[in-house]
Structure formats: structure tokens, C-alpha cells
Amino acid sequence: MVPKKIASLIGNLYPNAHKSCTFPKFIMIFSTITVINMYMDMKRIIAIVEAKGSSMPKIDRSAFLYLDPDPNIKDFAQCGSCFMFMSGKQRCSIFGKNDKVIANASCGLYVYGKPYDDQLIRDAVTPKEAGYVEHKVRCENCSWFNKPNKCGLFESLNDKMSDVFKLDEKVEARACCNGWQSKK
Ligand code: SF4
Ligand code: SF4
């Protein structure tokens, strides 16, 4: 479910965001995509938060789609452990029929579950809209990760923009978020 403060920001940025959606099953997905797009334009968010002043709650790490590893498995947050993955066909059930998807990839719409091939190809979003990437997205592989369990990005944002962010800096090695960056 989209957190209230994010829904409120969506309302500010995209007042008509869901009005034309006639596919209720994917309302949550479209909301999530809106959130991803929204947070890619962080300057805009900060401007809105500043304009709202102290009446606006601070942004927490759900804004980055932070996911604790639940369950704590080696391939958490990868397509190989997402129930929308069709492993035998190398496809994702919400992408198009020609969009190849591999087990070691990921996207912002990940949901833990057992992949299965007998699914419809819904062509609901493009890989780009979903933030599809082909790398290992967990904190343990991120350049911001400070062992054993600190996120340098969240720490830095809290430090430099304490009026905007209040991010829990303690993270799990197998967690993931949209701020992930390669170590190379
Ligand atoms: S692309 Fe996203 S939704 Fe599709 S299988 Fe991979 S993680 Fe799941
Ligand atoms: S260490 Fe990287 S992936 Fe993990 S929460 Fe921080 S920025 Fe996100």
C-alpha cells in the first residue's frame, strides 16, 4: 500500500494520477510507478516539502522503496524470487511479450513469491517504467553500504537535509532500495 505521506505528495504532483485507471488490479502498481517517477525528480519533491514548511512530515525511507529482506534469502529482490517472474520463458507477467527478463535482474515492482510460467503476459508497464535493472540490487552490493548495517546515503541525507529527511540509517545486508549504486 502507498504510504499516506507519499499519497499526499502524489496528489500534489499528479492530481489526476489515477482518474483514468480502469484496471483496479493494477492501481497499486501504477501508484508505485508514480512514486518511482516522482522520486527520480528529487529536487521537485524538496521544493514542495520546503513550500509546505513544518506542516509536512519528513520523508522516510519508504520514499526510496526500501525493502527489508523478508524472507532473508540470497536472491531477495531479484526476479528469480518474484512471483511475477516466468523463469522458463524469461519473461515478467506485467511486461510485454518481447521483453526478456533474467533471474538476476530486478525492478521497483518486485514482490516476493515463487515464480511460475503459467501466467498471462499483461503488458501493463514497460521495463523502463518499472525501473528494470540487470544487477544485484541488495545493500550488500551497494557502494553506500557500510558494514555491518549502515546506509551511507541515508546518513548523508539526514545530515545535509535534516529539515526534509528522517531516514532510518540501519539497513540489512540483503535489503534493497532505489538509491542503490554500483561499487565500481
Ligand atoms: S521485472 Fe520486476 S516484477 Fe518482473 S519479475 Fe522482475 S522484479 Fe518481478
Ligand atoms: S545501502 Fe544502498 S541499497 Fe541499501 S538502503 Fe542504502 S542506498 Fe539503498
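The model is predicted, and local features are given where pLDDT is at least 70, side-chain atom pairs count only at pLDDT 80 or more, and totals for chains, interfaces and linings use all residues. Residues are numbered from 1 along each chain as its sequence is written, while chains are lettered from A and ligands numbered from 1 in the order in which they are written.

**The fold**

Let's start with the chain, which has five helices and four strands. These elements are DSSP runs numbered from the N terminus, with helices (H or I) of at least four residues and strands (E) of at least two. Read from the N terminus, their order is α-α-α-β-β-α-β-β-α. The chain holds 184 residues, and 31% of them count as buried. Here a residue is buried if 20 or more other C-beta atoms lie within 10 Å of its own, exposed if 12 or fewer, and partly exposed in between, with C-beta atoms placed from the backbone.

Contacts are pairs of residues whose C-beta atoms, placed from the backbone, lie within 7 Å. Among those between residues at least 6 apart in sequence, 69% join residues at least 24 apart.

**Around the ligands**

A residue is near a ligand if its C-beta atom, placed from the backbone, lies within 6 Å of it. For ligand 1 there are 14 such residues, and the closest are C79, C82, F85, C92 and C107. By class, that shell has 13 nonpolar residues, one polar and no charged. Ligand 2 also has 14 residues around it, with C139, C142, C151, C177 and G179 coming nearest. Its shell divides into 13 nonpolar, one polar and no charged. In this scheme Ala, Val, Leu, Ile, Met, Phe, Trp, Tyr, Cys and Pro are nonpolar, Asp, Glu, Lys and Arg are charged, and the others, Gly among them, are polar.

**Backbone features in the loops**

L65, a residue other than glycine, has phi near 55° and sits in the loop between α3 and β1. L65 counts as partly exposed because 19 other C-beta atoms lie within 10 Å. D123 has a positive phi near 50°, and its place is the loop between β2 (91–92) and α4 (127–130). With 13 other C-beta atoms within 10 Å, D123 is partly exposed.

Note on methods:
Contact = placed C-beta atoms within 7 Å.
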